[in-house]
Protein chains: 4
Amino acid sequence: MKQNYMFQLEFKVRDYECDLQGIVNNANYQHFYEHTRHEFLLANDISFAQLHDEGVELVVARATMAFKTPLHSRESFLSVLNMRQEGMRYIFDQKIFRLPDMVLCNSARFDSVATIHGKLGTLPLLDDFVKRMTEKQNDEKV
Amino acid sequence: MKQNYMFQLEFKVRDYECDLQGIVNNANYQHFYEHTRHEFLLANDISFAQLHDEGVELVVARATMAFKTPLHSRESFLSVLNMRQEGMRYIFDQKIFRLPDMVLCNSARFDSVATIHGKLGTLPLLDDFVKRMTEKQNDEKV
Amino acid sequence: MKQNYMFQLEFKVRDYECDLQGIVNNANYQHFYEHTRHEFLLANDISFAQLHDEGVELVVARATMAFKTPLHSRESFLSVLNMRQEGMRYIFDQKIFRLPDMVLCNSARFDSVATIHGKLGTLPLLDDFVKRMTEKQNDEKV
Amino acid sequence: MKQNYMFQLEFKVRDYECDLQGIVNNANYQHFYEHTRHEFLLANDISFAQLHDEGVELVVARATMAFKTPLHSRESFLSVLNMRQEGMRYIFDQKIFRLPDMVLCNSARFDSVATIHGKLGTLPLLDDFVKRMTEKQNDEKV
C-alpha cells in the first residue's frame with residue numbers, strides 16, 4: 001500500500017539556512033515544519049489570523065524530532081504532514097524527505113493544543129476538520 | 001580627542017549565526033544593529049510598545065552597511081551607536097568592533113522615520129531626546 | 001520600454017519571517033537578496049563552492065537597502081536582479097516587488113568584491129559573465 | 001535538596017526572535033539550547049572545531065521539547081543544562097527558566113551521538129568528561 005499524506009510542500013535549502021558544517025542548522029527544521037503546518041491549514045481555509053480574532057490560539061505544546069540524514073546547501077526536499085486528534089491534542093506527524101531520492105532526513109511529531117480565550121479546549125471546527133481529512137485520506141488509500 | 005558614543009552593547013557570536021564560510025552571515029549584522037537600537041531607546045525609557053499604543057511607529061526607511069572585517073564563531077564584539085536628526089529623519093550611526101582588539105568589523109547608517117497614525121511626522125518626544133543625548137555627549141567630549 | 005532583468009525569483013513570505021508588527025523583519029530582505037544572487041549565479045553555472053575550491057571568494061563589501069512598503073505574512077513577492085561591473089566591484093542592483101500588484105517593497109544595491117587567495121582582484125570568468133549577461137539583456141530590450 | 005546544574009547561561013530575548021504573536025518563535029529555543037551546549041563544552045575545553053579537525057562530529061540525533069510558558073520580548077531567562085551518557089548516546093537535559101521569577105518556560109532533551117571518521121562510536125574524551133562532571137555535581141549536592 002502506497003503511503004499517502006494529507007499535505008505536502010516542496011522546499012529548496014537556502015545557503016543562509018546552513019551552518020558551519022555546511023548542513024541545514026537543526027532549528028530550521030522547526031521552521032520548515034511550522035511553515036508546512038500553516039500552509040496546510042490555510043490550504044484548507046483555516047486561518048490562524050481568523051482564529052486569533054475569535055480568541056482562539058493553536059499552540060505547540062510538545063515537539064519531537066529525529067534527525068536522520070542532514071540536508072545540504074541547495075538540496076530540495078519534500079515536507080509531508082498528517083494530522084490526527086488524541087483527546088485535547090491535535091497531533092501533526094511530519095516528515096522531511098530529500099528530493100529526488102526520497103531519503104528520509106527528519107521525522108517529527110508536534111502536539112498542539114487549542115486555547116479559547118486563554119482556556120484549554122477543543123475546537124468543533126478543528127475536530128470536524130480532522131475527521132474530514134482522515135476520511136478523505138482513507139478513501140484515497142483504497 | 002577620544003571618540004564617545006551615546007550607547008554601546010557587548011555581544012558574543014553564536015555558532016548558529018555563522019554560515020558555510022564560518023563567518024557571521026551578513027543579515028545578522030542587521031539583527032545586532034536592531035537589537036542595539038532597541039536597547040538604546042529602552043535604556044532611555046523610550047518604548048516601542050508604548051509608542052505603538054499611541055499610534056506611533058518608528059521604522060527604518062534606509063540602511064547602509066559597509067562590511068570591513070568578518071566576525072567568526074565565538075568572537076565577542078562591541079556594538080556602538082550615535083543618533084541624530086536630519087529634517088524628518090532620525091539617523092542612527094552604528095559600528096561594530098571586534099573585541100578585545102577593537103578592529104572595525106562593520107560600519108552602518110540607519111535612517112528611520114516616524115509615522116503618527118500612518119502619517120509621516122516628527123515626534124517632539126524624540127526631537128527632545130536627540131537634543132538631550134547630543135548635549136550630554138558634547139559635554140562628555142570636553 | 002519594458003524593464004527587463006537578468007534574473008528573477010518568486011518567494012512567499014513565511015510566518016516565522018515576520019516580527020512583532022506582523023511584517024517581514026528587515027534582516028530577512030538581506031536573506032531574500034542573498035538567496036536570489038546565489039540562485040542567479042548557480043543558474044548560470046557559477047558555483048560559490050567551486051570558486052571557493054579555487055581560492056576565490058566573492059564577498060559583499062557594501063549593502064544599501066531602501067524599505068518602501070512592508071511585506072506581510074503570506075504575501076508573495078518577486079525578487080529581481082541586475083549585475084554590472086564598476087572597476088574592481090561587481091554590483092548587484094536588486095528589487096523586491098509584491099505580487100501580484102507589483103508594488104515596490106524594497107530597492108537595494110550590493111557591492112561585492114572578489115578575493116583570490118586572499119588578495120583583492122577581478123575574475124576574468126566573472127568579467128566575461130557580466131559582459132555576456134549585459135549584451136543578452138540589451139538584445140532583449142530592443 | 002536544591003537542584004544544581006552542570007552549566008547555566010543567562011540570555012535576554014531580542015525583538016527579532018519574537019513572532020507575530022509577540023512571543024519567542026519556537027525554533028529559537030533550539031538556538032538557545034544549542035548555544036548553551038556549545039558554551040558548556042567550550043567552558044570545559046571541549047572544542048567542536050578541534051574535534052572536527054580530528055574527524056569527530058557530535059551531532060544531535062533526537063530532540064524533544066515541551067513548551068510550557070512562552071517568553072516575551074525583552075524578558076531575560078536562564079538556560080540550564082545537565083549531561084549524561086546512555087550507551088552510545090550523550091544526552092543533554094536542558095531547561096529554560098524565565099528570570100527573575102524562575103517560571104519554567106521550556107523543558108528539553110537532546111540526544112547526541114559521536115561519529116569518528118563517519119562511523120558511530122563513543123569518545124573516551126567525552127566519556128571521561130561526563131563521568132567527571134557527574135562526580136563534581138554529586139559532590140556539590142551533598
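**Exercise 1. How many residue pairs are in polar contact between chain A and chain D, both at pLDDT 80 or more?**

Before counting, some ground rules: this is a predicted model, where local features need pLDDT of at least 70, side-chain atom pairs count only at pLDDT 80 or more, and totals for chains, interfaces and linings use all residues. Residues are numbered from 1 along each chain as its sequence is written, chains are lettered from A and ligands numbered from 1 in the order in which they are written, and side-chain values use heavy atoms, leaving out hydrogens and water.

Step 1. Look for pairs of N or O atoms within 3.5 Å; within protein, one must be able to donate a hydrogen and the other to accept it, and residues adjacent in sequence count only if both atoms are side-chain atoms.

Step 2. Count them up: you get eight residue pairs between chain A and chain D.

**Exercise 2. Work out which parts of chain A touch chain D.**

Step 1. With contact meaning heavy atoms within 4.5 Å, chain A and chain D give 16 residues each.

Step 2. Now the area, i.e. the accessible area (1.4 Å probe) that two parts lose on being put together, summed over both. Chain A and chain D bury about 1500 Å², with 46% of it on carbon and sulfur atoms.

Step 3. Find the elements (DSSP runs numbered from the N terminus: helices are H or I, at least four residues; strands are E, at least two). On chain A, α1 (26–43) and β2 (56–67) each supply at least two residues of the side touching chain D. The largest share, nine residues, is from β2(A).

Step 4. Check the pairing, which takes at least two DSSP bridges between strands. β2(A) and β2 of chain D (residues 56–67) run antiparallel and are joined by five bridges. For instance, Ala66(A) has Arg62(D) as its bridge partner.

**Exercise 3. Describe how chain A and chain D are related.**

Step 1. Compare the contact surfaces: the same one serves both copies, as 100% of the contact residues of chain A recur in chain D.
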